[in-house]
Amino acid sequence: MATWHGPEGIIVEPIILNDRPRLRVTQLVHGRRYLLDYCTNTRQVAQHVDLADLVEVIPLPIDRRTP
């Protein structure tokens with residue numbers, strides 16, 4: 001599943017919380033991760049970070065055949 005990374009350590013992740021979809025907004029500060037908000041829509045995310053600054057990060061499968 002993809003996450004979005006923004007400036008100043010902001011990370012936005014889609015999650016399921018109490019059987020409802022949410023966007024978890026956290027911030028990395030000096031190696032620690034702090035919860036900022038559980039958002040129900042992108043308008044709420046925009047209160048924490050400019051949406052244009054977010055970059056999608058997609059995990060790629062690892063090919064273990066190459067040394």
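**View 1. Contacts of C39.** C39 touches R22, L23, V25, Q44, V45 and H48, leaving aside residues up to four places away in sequence. Contact means heavy atoms within 4.5 Å. The model is predicted: local features need pLDDT of at least 70, side-chain atom pairs count only at pLDDT 80 or more, and totals for chains, interfaces and linings use all residues. Residue numbers start from 1 along each chain as its sequence is written, and side-chain values use heavy atoms, with hydrogens and water left out.

**View 2. The largest nonpolar core.** Eight residues form this core: I10, V12, L23, V25, C39, V45, V49 and L54. Strand 2 and strand 3 each supply at least two residues of this core. A nonpolar core is a set of buried Ala, Val, Leu, Ile, Met, Phe, Trp, Tyr and Cys residues joined through side-chain atoms within 4.5 Å. Buried means under 20% relative accessible area, exposed over 50%, and partly exposed in between (1.4 Å probe, protein chains only). Strands are DSSP runs (E, at least two residues), numbered from the N terminus.

**View 3. Strand 1 against strand 2.** Strand 1 (residues 3-5) and strand 2 (residues 10-17) run antiparallel, joined by two bridges. Two strands pair if DSSP finds at least two bridges between them. H5 has I11 of strand 2 as its bridge partner. Four residues lie between the strands of this hairpin.

**View 4. E8 in the loop.** E8 sits in the loop between strand 1 and strand 2. Its phi is positive, about 60°, although E8 is not a glycine. Most residues other than glycine have a negative phi. E8 is exposed, with a relative accessible area of 67%.

**View 5. Strand 2 against strand 3.** Eight bridges join strand 2 to strand 3 (residues 20-29), and the two run antiparallel. I16 has P21 of strand 3 as its bridge partner. The hairpin has two residues between its strands, and N18 takes a positive phi near 55°.

View 6. D19 is found in the loop between strand 2 and strand 3. D19 is not a glycine, yet has a positive phi of about 65°. D19 is exposed, at a relative accessible area of 75%.

**View 7. I58 and T3.** I58 lies in the segment after strand 5 (55-57). The C-alpha atoms of I58 and T3 are separated by 6.8 Å, with the two residues 55 apart along the chain. I58 is exposed, with a relative accessible area of 54%.
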